[in-house]
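Please read it alongside the sequence and the structure shown here.

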Amino acid sequence: MNTLIQVEQLSRYYGDHLAVDNVSFSLEKGEILGFLGPNGAGKSTTMQMICANLAPSSGQVRINGIDILDNPKEAKAELGYLPENPPVYRELTVDEYLGYCAKLHRIAKDKVKAALDNAKARCGLSDVGARLIGNLSKGYQQRVGIAQAILHSPAVIILDEPTVGLDPIQIREIRQLIRDLGQEHGIILSTHILPEVQESCSKVQIIHQGRLVLSDSIAGMEQRMSSSSLAISTRQPPDTALLAAIPGVKSVEALDHQRYRIFHDKQANPAEQVAQLVVTQGWGLAELVPEKRTIEQIFVEITQTPHPGPTQEPTSGPLSPRERDGVRAANQETQP
């Protein structure tokens, strides 16, 4: 596979505060990475370092094989970015705005029309090129924002909360657009809407207190979410020792009103044995429900657990000459 983003041991201090702590990950072509984290976890700082808007205290970022500090102009040409609030000019038409963005991206004049036509076609904007952006719906304005991000055919597209404020129909349309774009690009999707990740992404990462605390595929997340407990309700008090003796059962927790939770190995499925035992013992089976964790529950469990602390002592101070030169060059070559 073609590695489009390679982040290695990325850290960032603000004074003595370690905001990002030794983060490493990669993004391959065709992958859609859901990047999650609570407020203050270091998600925005990480995104800014990937986009070369902020220099790391240590570590390295390569975009499509290009070091973003050594060659910021070339590296940022491989990036397309949609912030949470699309950077569109409401007084311009769609064609005027995208033409302006084409100049910012330094697209050759003889290739501008083809680039605009391609971006509009991929984002469903072919019929609204002459309309004022200010007269478009929120969903179409998001499409215009995505169009400017893909106008120069970047290897990597970074989308920050792309469906905020949209209605359900618009959300479904943008999700499908993201999946379509993910076939030819690498995409990082930063969002607080957890179902968004399940619907659109192929991988998920959670950052907490500056560290990556989870990195898994969506298939792996589905496995984490699979049932590992049963909720049962009986008419007569059961013998919990007999329930706990069933193969695969780890423990039995009493809840209330003859309700119990049976924890079991994920590989085991003791529901049938539990039902048979309750019936044969005459306890009166009223309810037997496999419990499944949601991605929200997994997120809360992970982000409510503090990590042991920084992996190293704070080393804040002036940037190295390489970092300082890289930031200066990045600021000079900033592109939308």
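## Helix packing

Angles under 35 degrees count as roughly parallel, over 145 as roughly antiparallel, 65 to 115 as roughly perpendicular and the rest as oblique. The axes of helix α3 (residues 94-104) and helix α5 (residues 138-150) cross at roughly 30° and come within 9 Å, and α3 and α5 are therefore roughly parallel to each other. Axes here are lines fitted to C-alpha atoms, for helices over the stretch in contact, with angles from 0 to 180 degrees between N-to-C directions; helices are DSSP runs (H or I, at least four residues), as are strands (E, at least two), numbered from the N terminus.

Val94, Tyr97, Leu98 and Cys101 of α3 meet Val144, Ala147 and Gln148 of α5, where contact means heavy atoms within 4.5 Å.

## Basis of the model

This is a predicted model, in which local features need pLDDT of at least 70 and side-chain atom pairs count only at pLDDT 80 or more, while totals for chains, interfaces and linings use all residues. Residues are numbered from 1 along each chain as its sequence is written, and side-chain values use heavy atoms, with hydrogens and water left out.

## Leucine 151

Leaving aside neighbours within four places in sequence, leucine 151 is in contact with Leu98, Cys101, Ala102, His105, Ile107, Ala115, Leu116 and Ala119.

## Lysine 203

Lysine 203, found in strand β9 (residues 203-208), is buried, with a relative accessible area of 17%; buried means under 20%, exposed over 50% and partly exposed in between (1.4 Å probe, protein chains only). Not counting residues up to four places away in sequence, lysine 203 touches Ser26, Glu31, Ile32, Leu33, Gly34, Asp216, Ser217 and Ile218.
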